[in-house]
Amino acid sequence: MTSSLFDQIEESAAFLRARGIDGLDGAIVLGTGLGGLTAQMEILQSIAYDDIPHFPEATVEFHSGKLLFGILEGKRVLVMQGRFHYYEGHDFASIAYGIRVFKAMGAPYVLLSGAAGTMRIDWNKGDLMLVTDHIHLLPGNPLIGNNDERLGPRFPDMSEAYNAGLNRALRAAAEEEAVDLNEGVYVSAQGPMLETAAEYRYLRNIGADAVGMSTTPEVIVANHARLPVACVVVLTDECDPDNLQAINIPELLSVAAKAEKKLIRLIKNTIQRIDAERLV
Ligand code: HPA
């Protein structure tokens with residue numbers, strides 16, 4: 001008999017606890033081209049996803065696929081370096097599996113990062129955007145199927161999908177670090193192809209400011225698990241439907257690499273400010 005999802009998550013968490021990972025102050029997911037934060041951590045444990053029982057297998061070209069535990073700014077953090085995408089063929093439960101492990105490990109919050117294109121012509125590539133809300137357009141989600149109440153409620157509320165306390169900390173950190181932080185709505189798209197001009201126009205018209213191929217399944221599961229979540233994306237390309245340029249992936253990655261420096265300052269400052277007691 002295959003074990004339940006709940007049991008699998010508990011086994012993953014027990015494996016990590018046996019490696020001395022506990023007392024977490026926070027958890028972080030680093031997206032495409034945004035792995036550099038880990039160079040600033042005192043790494044206590046570095047574990048390949050493939051070595052963690054029940055963890056999905058990492059297949060991504062851009063990511064190294066590691067779970068890192070260590071000290072950042074005096075805080076005990078667990079970091080996913082590389083995430084799972086729908087376009088790689090992962091099912092939705094796999095895409096969000098790490099978030100459930102964070103919850104089982106007692107993380108008080110999770111900060112997500114990623115890359116996205118922006119439909120706002122008044123914003124520039126290289127800018128950061130705090131995600132204040134989202135439109136989940138992926139063709140499925142991690143909560144479909146039988147609900148295990150131990151993981152969360154059948155019908156989770158999404159009225160404050162992005163935690164207000166975490167967002168306050170991120171805004172204050174941005175101000176102190178003099179980092180411009182746009183705010184807006186993120187829409188998830190399947191990928192791996194980029195969008196057509198008509199699709200960018202459509203996404204703008206339905207109320208999105210930025211589009212990417214990830215994060216919303218993780219945010220859905222974090223809300224289901226009542227794990228406070230916030231998300232900052234690097235805007236890597238400008239998606240003006242009336243003047244659409246061909247995508248240049250090396251350039252997109254170099255924009256992410258440059259903007260990463262700001263993102264790292266923002267995250268380091270933010271984690272010092274978060275008062276976990278006041279998040280829920
Ligand atoms: N579309 C979808 N995903 C993306 C984009 C985009 O323009 N840029 C970075 N990730």
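Tutor: The shell around the ligand consists of Ala115, Ala116, Gly117, Leu194, Glu195, Tyr200, Val211, Gly212, Met213, Thr236, Asp237 and Cys239, a residue being near a molecule if one of its heavy atoms lies within 4 Å of it. This is a predicted model, in which local features need pLDDT of at least 70 and side-chain atom pairs count only at pLDDT 80 or more, whereas totals for chains, interfaces and linings use all residues. Residues are numbered from 1 along each chain as its sequence is written, and side-chain values use heavy atoms, with hydrogens and water left out.

By class, the shell has 7 nonpolar, 3 polar and 2 charged residues; nonpolar here covers Ala, Val, Leu, Ile, Met, Phe, Trp, Tyr, Cys and Pro, charged covers Asp, Glu, Lys and Arg, and the others, Gly among them, are polar. Strands β5 (110–118), β8 (210–212) and β9 (229–238) each supply at least two residues of the shell, and β5 gives the most, with 3 residues. Strands are DSSP runs (E, at least two residues), numbered from the N terminus.

Polar contacts are pairs of N or O atoms within 3.5 Å. An N or O atom in the side chain of Glu195 is 2.6 Å from a ligand nitrogen, and one in the side chain of Asp237 is 2.7 Å from a ligand nitrogen. From Gly117, a backbone N or O atom lies 3.2 Å from a nitrogen atom of the ligand. The protein buries 95% of the 260 Å² that the ligand exposes when taken alone, by the Shrake-Rupley method with a 1.4 Å probe.

Terms used. A polar contact is a pair of N or O atoms within 3.5 Å; within protein, one must be able to donate a hydrogen and the other to accept it, and residues adjacent in sequence count only if both atoms are side-chain atoms. Helices (H or I, at least four residues) and strands (E, at least two) are DSSP runs, numbered from the N terminus.
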